[in-house]
Amino acid sequence: MVQVIALVFVNHPRKLLRQKKRFSAIRCTCLAWVIYSVLTLGLTRAQPLQVQQLSPMEVALNDIVSSSKEAERQVRALGANAKGDDLVYVKLKLVTIYRKSGQQARSEQLLNRLLTALPSYNTTLKIKVLISAAFFERRQNRYANAAQIIIEQALPLAKPDTLQQARLLQLAGLFTRLQMELSQAKRYYLSALAIFQQHEDHHSEAQLFSQLGVLYESEGDLALAAEYQIKAMRFFETTDDITELAGNYFNLGELYYRANDYDKSLDFYLKALTYDKQLNNIQDMGFDYHRLGSIYLQTQDFVKAIKYTRQAIAIFEAESANQLLSRSYLQLAKIYQQLNDESQRFAQLKHAQETALLAPTDHQLRQVWHDLGAYYVDNKNYLKAKQYLEKSVVISSRLGLLDHQLSDNELLSTIYHQLGDYDSAHQYLEAAYAIKLQLHSEQRIREIEKHKRDIDLLEEQIKVANLQEQHKAAVADAATHKTISQGVIFVALVLLVLLSVVIYFFYQRRQLAVLKANLYQDALNQKNQILADVSHELRTPLTALKLQVDALKYQLVDDVDVSYQKLGTKIDDLNHLISDIYELALSDANGLSFEPRKIDFIPLIRSWAEEFEHYTSAQGFTWQCQLHTAAARVNIDCDRIKQVLSNLLTNSIKYTDKPGVIGLDVAVISNQLVITIKDSSPSVPDAELEKIFERLYRVEKSRNRSTGGSGLGLSISQNIIQAHNGTITATTSDLGGLAVTVSLPLQAM
């Protein structure tokens, strides 16, 4: 019975993510080390201890996971002679197959028959029929109805603290999550998780991890979201559960999509599509096609973007999934906007409006009003634009969607400015600026909390690793003592061994206690030093930011627009500093992702040198490039090495007096590839050449100097080069400035 209930909603965690409308880029390119280091938590413990017996009919139906015509034929064959409860199980299975394969009319007709007979069923069958009814409502985008069925009708039938109650709580979380009631959804999820863990139901626990990942992604915590998604993926891959894997791969694709890593995102979406085709999950295939269209829109491949989006539209149209259909029309409108085809753009926007009104939800209507308003702004019909944007901002304000409020207020400010209503334009501009400050503030709080969690985790990992090494050393020493003492007289041997063991035992206990205390103190000191450095680095820009805000508040500035620009610059500086600190923490813990490959470096550096020359010349410097070798095969991550060279070049531009000279030398010396970035004066004192690689160290002590960076770039670069088994050093340049030399080991040709 328990497994049958699970089968009804086994592939639905993915659909939480598929209802999202906001996919803002975030600094999640540094997700990798948080994700893959913490997710080694085992989900491979023993199977649930409490497994209820299933009837032969339920077992046979559970083995049918596809929604194909062949699956339908198999179910009908099983139901040919079925009676009583077994016949109800067969009908429920057919309702699910019809729903997933796009046969909505047949699914609804059979479900209505089951609902009519609901009073005659036992409690277990009633709950299963109600779950099926809830998923039918969800398929029609009627999330409130689905939640009401589960919360008001099904949950009261379940016994407390049972797996049945846990699954209903999980469904309640799913449907409230689809309504963007995130706090309520989290309460339902955590209540269900506690029961699953109590019963050691690891399969259901993995499902819930996937859904929690979706919820945290909705809250903007992509690191935590990815942590839960990969926990789920690792379990499902061990069980070969392609239904769950399809949803899990889609959710991971969403995370990488939000992180702007379109290659990895595309890979996960294609995996999800492959499984959905095997399962014949028609609407899920529509989600896959829609998101593939989104990726190709972002990568400017408009032919494929149109192709996949229209495939999604065809599926959603056949399914009468009007909200999803409206979303795909909006995506198609964005594609035609990029192609400068305003006629097609407007036609798709009207389709989006018509379908959204057939299944109205606040989120979708707001997006339609916003995009129509933006269209009329682009076409200078400001009265029409004002009409739609005012409806949009009402919804975004009511729902508390800050990023949507920001874009709505910015557009309304532009519209009123064009209409000559400068007071209203100023009012909306002030509202947009206040929202922007709030968004930055909330983002900084989330990032600081995430960094603290990562530092705590790193400390625990360091302590565990060191204690394990000490334990291995103790075992090896004991074995050595045993071997040496074998030739001694028996009585002396026994006494000596006993005495040695007792002494060694107490000595090791003391040593381990001292080591544990020292490790704890060292980790605590390191954490406190990091927090102190970060606080010091943040204090000055925050003080400047406060002074600028106070100046605006008390009207002490002459040019308000310039002051706003300065505020934006200070906020960008803070975000850049936090990014550098976090990337340094990743590199210190060997958490940066590397994808090394063996290549000939010379053609690659020639292409980079052209980019460097254009950039350097544009900054007013003379560029020199000397390649002293025709070939150099190395095993490197190209993106990381380019990151190092770009950082060194940026430092040279910042700290070299104009007009000056910046050079790049490449040579092969003693089986090493040697790359040097050098510049003209000023140089760095000899005593400080080694210190420049220390974190937060800058030769120029002034924190306000315009050329001053975060003081972390060289530390990050050093960690990247060391990860490549190379070295990086600083010396005085023959041009009169600084020369930074990178050495990388050559590979056999």
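In the protein, residues 24 or more positions apart account for 68% of the contacts with a separation of 6 or more. The model described here is a predicted one. Its secondary structure comes to 28 helices and seven strands, and 51% of the 749 residues count as buried. With that overview in hand, a few parts of the structure can be visited in turn.

Two packed helices are described by the angle between their axes and the distance between the axes. For helix H8 (residues 123–139) and helix H10, the axes come within 12 Å and cross at roughly 15°. Angles under 35 degrees count as roughly parallel, and H8 and H10 are therefore roughly parallel to each other. Their crossing is left-handed. On the H8 side, the residues that take part are Thr124, Ile127, Ile131, Ala134, Phe135 and Arg138, and these meet Gln164, Leu168, Leu171, Phe175 and Leu178 in H10. By residue type, the contact of H8 with H10 divides into eight nonpolar, two polar and one charged.

Apart from neighbours within four places in sequence, Ile127 is in contact with Ala154, Leu157, Ala158, Gln164 and Leu168. Another residue to look for is Leu155: the C-alpha atoms of Ile127 and Leu155 are 8.2 Å apart in space, while the two residues are 28 residues apart in sequence.

Helix H10 (residues 163–178) also packs with helix H12 (residues 202–218), at an angle of about 20° and with the axes 11 Å apart. That angle makes H10 roughly parallel to H12. As H10 passes H12, the crossing is left-handed. From H10, the residues Arg167, Gln170, Leu174 and Arg177 meet a set in H12 made up of Ser204, Gln207, Leu208, Gln211, Val214, Leu215 and Ser218. The residues of this contact of H10 with H12 divide into four nonpolar, five polar and two charged.

The strands bring the tour to an open sheet. Five strands form this sheet in the order S2-S4-S5-S7-S6, with mixed pairing. At its edges are strand S2 (622–627) and strand S6 (727–732), each of which pairs on one side only. From one strand to the next, the twist averages 15°. S6 and strand S7 (residues 736–745) run antiparallel and are joined by six bridges; the bridge partner of Ala730 is Val740 in S7.

Helices accompany this sheet as well. Helix H28 (residues 713–723) packs on the sheet and touches S6 and S7, and its direction makes about 130° with that of S6. Helix H26 (residues 601–618) lies across S2, strand S4 (661–669) and strand S5 (672–680), and runs at about 170° to S2.

Key
Residues are numbered from 1 along each chain as its sequence is written. This is a predicted model: local features need pLDDT of at least 70, side-chain atom pairs count only at pLDDT 80 or more; totals for chains, interfaces and linings use all residues. Side-chain values use heavy atoms; hydrogens and water are left out. Axes are lines fitted to C-alpha atoms, for helices over the stretch in contact, and angles run from 0 to 180 degrees between N-to-C directions. Helices (H or I, at least four residues) and strands (E, at least two) are DSSP runs, numbered from the N terminus. Angles under 35 degrees count as roughly parallel, over 145 as roughly antiparallel, 65 to 115 as roughly perpendicular and the rest as oblique. A crossing is left-handed if the near helix is turned anticlockwise from the far one by less than a right angle, and right-handed if clockwise. Contact means heavy atoms within 4.5 Å. Ala, Val, Leu, Ile, Met, Phe, Trp, Tyr, Cys and Pro count as nonpolar, Asp, Glu, Lys and Arg as charged, and the others, Gly among them, as polar. Two strands pair if DSSP finds at least two bridges between them. Buried means under 20% relative accessible area, exposed over 50%, partly exposed in between (1.4 Å probe, protein chains only).
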